[in-house]
Amino acid sequence: MPVTSFALPVEHIAPDAGKTPQNGIALCLSGGGYRAMLFHVGALWRLNEVGYLSKLARISSVSGGSITAGVLGMNWPTLSFDVHGVAQKFKDALVVPVRRVAGITIDQWAILSGALGPGSISDRVAGAYRKYLFGRKTLQDLPPDPPRFVINATNVQSGALWRFSRPYMADWRVGMIKHPSTDLATAVAASSAFPPFLSPAHLDLQETDFVPNSGHDLQMPPFTTEVVLTDGGVYDNLGLETAWKEYTTILVSDGGGNLQAEADPPSDWLRHVRRVLDVIDNQVCSLRKRQLIDSYKLLTGQTNHRDGVYWGVRSDITQYPIATAAGYPFNLTSCPVAKTLALAEFPTRLKAVDPYIQERLINWGYAICDAALHSHVDGTLPVPSGFPYPSTGI
């Protein structure tokens, strides 16, 4: 039975918790390292082809999804939308730079150099993003609304989201900084600071940077001067929080992994604690996903009803009715479950991905996004002829 409420587990007492969402489409890009980064490229590829990319009011991201979102946001002015709202330079603006960085290992180098030299591991990750993707671009280089790009990290001090965007960055408990000059590399590094190895990230700020009295209860040093952040997925691995409260239509692309069973889990305290934390994280992610899907099932007009659809790297293509239609290109033959699940098991790392695997992940994001859109958003959309990389397949 569908639930009749959508209870968000931490920020339920935030000032905007009871606000009425406005008409508009928000897209959420989950975490999941390079796997999610590439999977989301495929989904965005299809969203662009059917004219939905230009319709988005908000793009909310965490972790690996924030790499994709950051590149898209930085290059938004170069997309060159036609009269149908389709970006003519999508590949140059997003696919090429993301695939380039997907061929470079960042995490291992950052861990080793950060452990042995000055500066933190997160600083090394930000430096790599700066070198290979963002240069000196800042949050002010994101496009004016719409869409608003929101890059989410988790504030370890307050236990709430830290939101990076062009108009402001904020934690509802700590306060708001308007028109932040933080560079994109730093924001994305904070959002993708996977614990324990790439976390934490630090922001050194001034108390005077904040709008007076904009924080609920923690607008004071050191909360306002030495901000400690970790991966946005720690709080919300779907990037859902800053979209669900704001808009009536929610599209969710989930490139996240899944907790694997262990017959003999480690008993030493370090690895055992990590396993327990993974169990907790998996449960929170599963709860958010179930509550999201239940919100889709509510009748229009019911409290907490949302339009939209969810698709994930672990989805079975046959979950979407269009996949069984005659002539539809994405079905169990072209998207066999054994192969798609193998892609879903690709490690959550910032480690170089073979070009062949890159193309498979992009193809899978493209295919499952199209199946989801056709089945639950708009059945009249044109059917694609096949994968972006047809000779690679899944």
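W311 is buried, with a relative accessible area of 0%. This value, like those below, comes from a predicted model. The residue belongs to strand β10, which spans residues 307–312. Leaving aside neighbours within four places in sequence, its contacts include L27, L251, V252, S253 and D254. F39, A43 and L47 also touch W311. Further contacts are made with Y320, I368, C369 and A372. D254 is 57 residues away from W311 in sequence. In space, the two C-alpha atoms are 6.2 Å apart.

Strand β1 (residues 22–29) pairs with strand β9 (residues 247–254). The two run in the parallel sense, over 6 bridges. Within this pairing, L27 stands opposite L251 of β9. Both L27 and L251 are in contact with W311. β1 also pairs with strand β2 (residues 56–62), again in the parallel sense, over 5 bridges. Here C28 stands opposite S60 of β2.

The structure holds 9 aromatic pairs. One of them is formed by W76 and F149. Their ring centres lie 5.8 Å apart, with 75° between the planes, and the geometry is edge-to-face. W76 sits in the loop between α2 (64–74) and α3 (90–102), whereas F149 is in strand β3 (residues 148–155), so the pair ties together parts that are 73 residues apart in sequence. Both W76 and F149 are buried.

Y328 and F330 form another aromatic pair, also edge-to-face. The centre-to-centre distance is 5.7 Å, and the planes are at 90°. Y328 and F330 are both buried. Ring pairs extend beyond these two residues: Y328, F330, Y366 and F387 are linked into a cluster.

Charged side chains lie over aromatic rings at two further sites, one with a lysine and one with an arginine. The charged end of K55 sits over the ring of Y52, 4.4 Å from the ring centre. R306 lies over the face of W244, and the distance to the ring centre is 3.7 Å.

Technical notes
Residues numbered from 1 in each chain as written. Predicted model: local features only at pLDDT ≥ 70, side-chain atom pairs only at ≥ 80, totals over all residues. Heavy atoms only, no water. Phe/Tyr/Trp six-rings, centres within 6.5 Å; stacked < 30°, edge-to-face > 60°. Helix = DSSP H or I, 4+ residues; strand = E, 2+ residues; numbered from the N terminus. Buried < 20%, exposed > 50% of the residue type's maximum accessible area, 1.4 Å probe, protein only. Lys NZ or Arg CZ within 6 Å of the ring centre and 35° of its normal. Contact = heavy atoms within 4.5 Å. Pairing = 2+ DSSP bridges.
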